[in-house]
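Q: Please take a close look at the aromatic rings of this model. How many aromatic pairs are there, and which rings form a cluster?

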Amino acid sequence: MDERVASAVEHWGPRFTANGVTASDFERVTRDLDDWDGWCAAWSSVAAEHEKLGRQALATGRHLSAGGHLAQAALYFHFAKFVFVADPDQMRRAHLRAVACLDDALPHLSPPGRRVEAGFEGTALVGILRLPPGPGPHPAVLMLSGLDSAKEEHRVVEQLFLERGLATFAVDGPGQGEAEYDLPIRADWTQPGKALLDALAAEPRIDASRIGVWGVSLGGYYAPRVAAAAGDRVKACVALAGPYDFGDCWSGLPELTRETFRVRARAATEEEARRIAYTLTMEGSAQAITAPLLVVFGRKDRLIPWRQAERLATAAGGDSELLMLEEGNHGCANLTPWHRPYTADWLAQRLAKGDFR
């Protein structure tokens, strides 16, 4: 097997299935894939099968099934492109299909979703807003992706929040998803965070006084940066598998991750990318976090060393809690029952009316 294929399977296999890829689909895509150049096409082929099921369901009025099939197709097209930066044209074609499938799925999800675009620096940051049942106004969670994730990947986690009465707003920020073509990765999320919080707070069925932020992987760095900058606009923050100082992690990152960061940070060389990585640090910002902070981490994370989590939890200026899973990998994708429901409960409790602990 190609070293890059082996690396992707080894590092991210549990993440794929934890976020909705069926075990059988994962097996049939990867078992005969021995060349990285075929990664995007292999995933896109299976994604197209699910899209066809969705289009057929739409044509025959089976809307709930259509939503499920199209959201599944969006997920698979997303994983076709997620770190496939060596062929930008092929990557973008897969990405456009991911976006189209999810957009078409949104009205038929349960509960349904809606695109929201927040104007930002001459372009737009796009998010998917989903509301729990009832008239509201609802508490809400701003959901931030990592280096290679995007809003198309978060259906499973969204559902946990929605079941607990929390609205979800899964977004693509600078360097991510729909924004990655116009905006590079940035260390300071003050302005992107403000634009996204403003867009969420402007929704009439959202309670702007009860907004939390959740982020995974590099999003587990962005979320605390947003909380630090936003002050009491953010009432609770969850950092899942995020770095305290990304530069300190650089030498241990897989080749695919370093190259993806280089491309999405608009760096000409790996050395320039490494220098940019060192700007992504909580040093000087963590103390400004006043909202309750939950840091979730796996001791066996092979991308981000676990001591990064300890640094964040210790440096935070408000109440912080560290949930360290001894057998957890990156994002603790191999142990979702041990952290996802707890995280959803934790956020629901802290965003409950009148409870801003």
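A: The count comes to 20 aromatic pairs, where rings of Phe, Tyr and Trp (its six-membered ring) pair if their centres lie within 6.5 Å, planes under 30 degrees apart being stacked, over 60 edge-to-face and the rest tilted. The model is predicted: local features need pLDDT of at least 70, side-chain atom pairs count only at pLDDT 80 or more, and totals for chains, interfaces and linings use all residues. Residues are numbered from 1 along each chain as its sequence is written, and side-chain values use heavy atoms, without hydrogens and water.

Helices (H or I, at least four residues) and strands (E, at least two) are DSSP runs, numbered from the N terminus. Phe161 counts as buried at 1% relative accessibility, and Trp214 counts as buried at 5%; buried means under 20% relative accessible area (1.4 Å probe, protein chains only).

Trp250 and Phe261 also form an edge-to-face pair, with 5.6 Å from centre to centre and 75° between the planes. Trp250 lies in the loop between α9 (246-249) and α10 (255-264), while Phe261 lies in helix α10, so the pair ties together parts 11 residues apart in sequence. Both Trp250 and Phe261 are buried.

As for the cluster, ring pairs link Trp12, Phe16, Phe26, Trp36, Trp39, Trp43, Tyr76, Phe79, Phe82 and Phe84.

Notes
Buried means under 20% relative accessible area, exposed over 50%, partly exposed in between (1.4 Å probe, protein chains only).
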